[in-house]
Amino acid sequence: MTSVLFVVSEEGYWGEECIEPLTTLDERGAEITVATPTGNPPVVDERSVDPENVGEETAAWVTEVDETDERLNDPEPIAAVEAADYDAVVFPGGHGTAWDVNQDRDARRLLREQVAGGDGKALVVCHAVGILAFARDADGDFVVAGRDVTGFPNEWEEGIVDEHDLMPDGRKLPYWVEDEVVAAGANWDAELDADTSVTVDGDLVTARGPESSADAAATFADELGL
């Protein structure tokens, strides 16, 4: 059975970006484990379960899974898991990843080891793509250097934060994903003219945002042979 580790934010994961791949991979027969920075249950971004923002159907679906899925409600601490024990790792997005997952040395370790040239694969979605700006390989080089990626674009960020990079909840966004990932040497293309954006570069799959969640989940499941 294909084993997949989900590394999910405690500071606010975007519902659809986690639940869509989780349920898709589950339905295709993957064995799923969830991990968070401290081992406490992940926290869903309230905006991603607001019916006025995402629609009543999506809001209800995400809320139900978030509240009832045993794996989400009883995660492992990131530091206690090893990449070698899993065939793949998934990093759901959400602004919250900028404050915890992307900055977590063990999360970066898991990503690095999954894309170090073995049989592992990684799916990184939306703001979680920011982890690529901080993850380095054994030689000290950015793992994303020279790789084709998509992710949450600056153009969209401009419509969320104010002139001082403050989020609607008052937190200051520490960095913009596109800026940092491009600085790390990635070939960035968020395909802003397309309805969805999912990029496959070998063992690394990246997705732009919520509307790309279904495509990302299906593409990653196919990449895993599920």
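On the face of α3 turned away from its buried side sit the exposed residues Glu 56, Glu 57, Glu 64, Glu 67 and Thr 68. The model is a predicted one. Helix α3 covers residues 56-68, which makes 13 residues. From its first C-alpha to its last, α3 reaches 18 Å. That is close to the 18 Å expected at 1.5 Å a residue.

Now turn to the other face. Thr 58, Ala 59, Val 62, Val 65 and Asp 66 are the buried residues of α3. They cover an arc of only 145° around the axis, so they lie on the same side of α3. What do the buried residues of α3 pack against? Their partners are α1 (15-27), α2 (51-54) and α4 (70-73).

## Helix α5: mostly covered

Helix α5 spans residues 105-114. Seven of its ten residues are buried, which leaves α5 mostly covered. The buried residues are Asp 106, Ala 107, Arg 108, Arg 109, Leu 110, Leu 111 and Gln 114. What covers them includes β1 (3-7), β4 (88-91) and β5.

The N-terminal end of α5 has a cap, and Asp 104 provides it. A side-chain oxygen of Asp 104 lies 2.8 Å from the backbone nitrogen of Asp 106.

## Two arginines in α5

Arg 105 and Arg 108 both belong to α5. Is Arg 105 buried or exposed? Arg 105 has a relative accessible area of 65%. The cut-off for exposed is over 50%. Arg 105 therefore counts as exposed. In sequence, Arg 105 and Gly 130 are 25 residues apart. In space, they are 13 Å apart, C-alpha to C-alpha.

Arg 108 is buried, yet it has no salt bridge. The nearest side chain of opposite charge belongs to Asp 104, 6.9 Å away. A salt bridge needs a side-chain nitrogen of Lys or Arg within 4 Å of a carboxyl oxygen of Asp or Glu. What does the side chain of Arg 108 reach at 2.9 Å? The backbone oxygen of Gln 103. Leaving out residues up to four places away in sequence, Arg 108 touches Asn 102, Gln 103, Ile 131, Phe 134 and Ala 135.

## Salt bridges

How many salt bridges are there? The count comes to twelve. One of them joins the side chains of Arg 47 and Asp 45, at 2.7 Å from N to O. Arg 47 counts as partly exposed because its relative accessibility is 24%. Asp 45 has 10%, so it counts as buried.

Glu 223 and Lys 121 also meet through their side chains, at 4.0 Å from N to O. This pair links distant parts of the chain. Glu 223 is in helix α8 (residues 213-223), while Lys 121 is in strand β5 (residues 121-125). The two are 102 residues apart. Glu 223 is partly exposed, at 31% relative accessibility. Lys 121 is buried, at 19%. The cut-off for buried is under 20%.

## A shared network

Arg 171 and Asp 169 form a salt bridge at 3.0 Å, N to O. Which residues do shared partners join into one network? They are Glu 11, Asp 169 and Arg 171. Arg 171 has a relative accessibility of 26%, so it counts as partly exposed.

Methods: Residues numbered from 1 in each chain as written. Predicted model: local features only at pLDDT ≥ 70, side-chain atom pairs only at ≥ 80, totals over all residues. Heavy atoms only, no water. Helix = DSSP H or I, 4+ residues; strand = E, 2+ residues; numbered from the N terminus. Expected span 1.5 Å × (residues − 1). Buried < 20%, exposed > 50% of the residue type's maximum accessible area, 1.4 Å probe, protein only. Arc of directions from axis to C-beta. Contact = heavy atoms within 4.5 Å. Lys, Arg positive; Asp, Glu negative; His and termini not counted. Polar contact = N/O pair within 3.5 Å; in protein donor to acceptor, adjacent residues only side chain to side chain.
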